[in-house]
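Dear colleague,

I am handing over the structure below, and after it you will find what I found when I went through it. Please read the notes with the structure open beside you.

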Amino acid sequence: MSSNLEIAKPLRKITDPSEIPRFAAIVAAAFSQDALNRYLFMGRESNPEHPKIQTLDDRKKYWEAIIQPRFEGGAILVEFPPGVEKKPHPAATVSEGVAEYLTFYKALKEEKLGSRPHWHLNIIGRDPERSDKGAVTAIFEPFLAEAKAKNIPVWLESTNAHAKGVYEYFGFKVVGQIRIGKGIAGSDGWVKEGGDGVETWGMIAGLDGW
């Protein structure tokens, strides 16, 4: 792992509810070109001409609705430490794509990890305005260092091939794969009859020990 990466701005946790919109805006921007999130956000209306895809406001509100329930007077985290599970989405509020995604990865994580303590890294996104190359390193290193020290595996899901490569660099290995929206959407996340769906991967670091 390279040791010469520098962070232009230190990362910090969000502890003030008033900062949630800014956090949601960063996540919305980070995932604006992500095929899976395009499909999950738009569902069967996913097409490049739809008004909702043209501006950041609707996508920001979408992410605020996801992030808000996870804020309970403490910090909004991109990670779930051992013993803490992600809150389930109310069944009535999720799209078919989200339901497919959550069902598959819940089962895969239980298959690979069972009740074993583990870190779950979630909502990993880079602010497009940041030009320094150390942002991802700053996110990963604290969790991986603690996981190694305690011999605890780390779970995450990758929604695109570029991110998958980055995670592999940090020692994650693919343990399962699924194409979300197969037959409904293309690999680009736009609705397409008979489409291949968007490829995603479940990944674990430290599964067999560090």
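Asp34 caps the N-terminal end of helix H2, with a side-chain oxygen lying 3.4 Å from the backbone nitrogen of Leu36; helices here are DSSP runs of H or I of at least four residues, and strands are runs of E of at least two, both numbered from the N terminus. The model is a predicted one, in which local features need pLDDT of at least 70 and side-chain atom pairs count only at pLDDT 80 or more, while totals for chains, interfaces and linings use all residues. Residues are numbered from 1 along each chain as its sequence is written, and side-chain values use heavy atoms, with hydrogens and water left out.

The side chain of Asp34 also makes a polar contact of 2.7 Å with the side chain of Asn37; such a contact is a pair of N or O atoms within 3.5 Å, where within protein one atom must be able to donate a hydrogen and the other to accept it, and residues adjacent in sequence count only if both atoms are side-chain atoms. Asn37 itself lies in H2, which spans residues 35-42. With a relative accessible area of 11%, Asn37 is buried, because buried means under 20% relative accessible area, whereas exposed means over 50% and partly exposed lies in between (1.4 Å probe, protein chains only). Leaving aside residues up to four places away in sequence, Asn37 touches Phe31, Trp63 and Thr159, a contact being heavy atoms within 4.5 Å.

The rest of H2 is mostly covered as well, since 8 of its 8 residues are buried, among them Leu36, Tyr39 and Phe41. The buried residues of H2 pack against helix H3, helix H4 (96-113), and strands S4 and S5. Just after H2, Gly43 takes a positive phi of about 65°.

A search of the whole structure finds 2 cavities of 30 Å³ or more. A cavity is a set of points, on a 1 Å grid over the protein atoms alone, where a 1.4 Å probe fits but cannot get out, and its lining residues have an atom within 4 Å of a point; grid points are joined across faces, edges and corners, and a volume is the space filled by probe spheres set on the points. The largest cavity holds about 80 Å³ of space, and the residues that line it include Phe31, Asn37, Arg38, Phe41 and Trp63. The elements giving two or more residues to that lining are H2 and H3 (56-67).

Turning to the strands, S5 (residues 198-205) is mostly covered, with 7 of its 8 residues buried. S3 (residues 154-158) runs antiparallel to S5 and is joined to it by 5 bridges, while S4 (residues 173-180) is also antiparallel to S5, with 7 bridges between them; strands pair if DSSP finds at least two bridges between them. Within S5, Gly202 is the bridge partner of Glu157, and Gly176 stands opposite Gly202 too.

Asn151, in the loop between helix H5 (135-150) and S3, has a positive phi of about 55° although it is not a glycine. Most residues other than glycine have a negative phi. Asn151 counts as partly exposed, at 43% relative accessibility.

With best wishes

Notes:
On a 1 Å grid over the protein atoms alone, a cavity is a set of points where a 1.4 Å probe fits but cannot get out, and a pocket is an open set with protein on both sides within 12 Å along at least five of seven lines; lining residues have an atom within 4 Å of a point.
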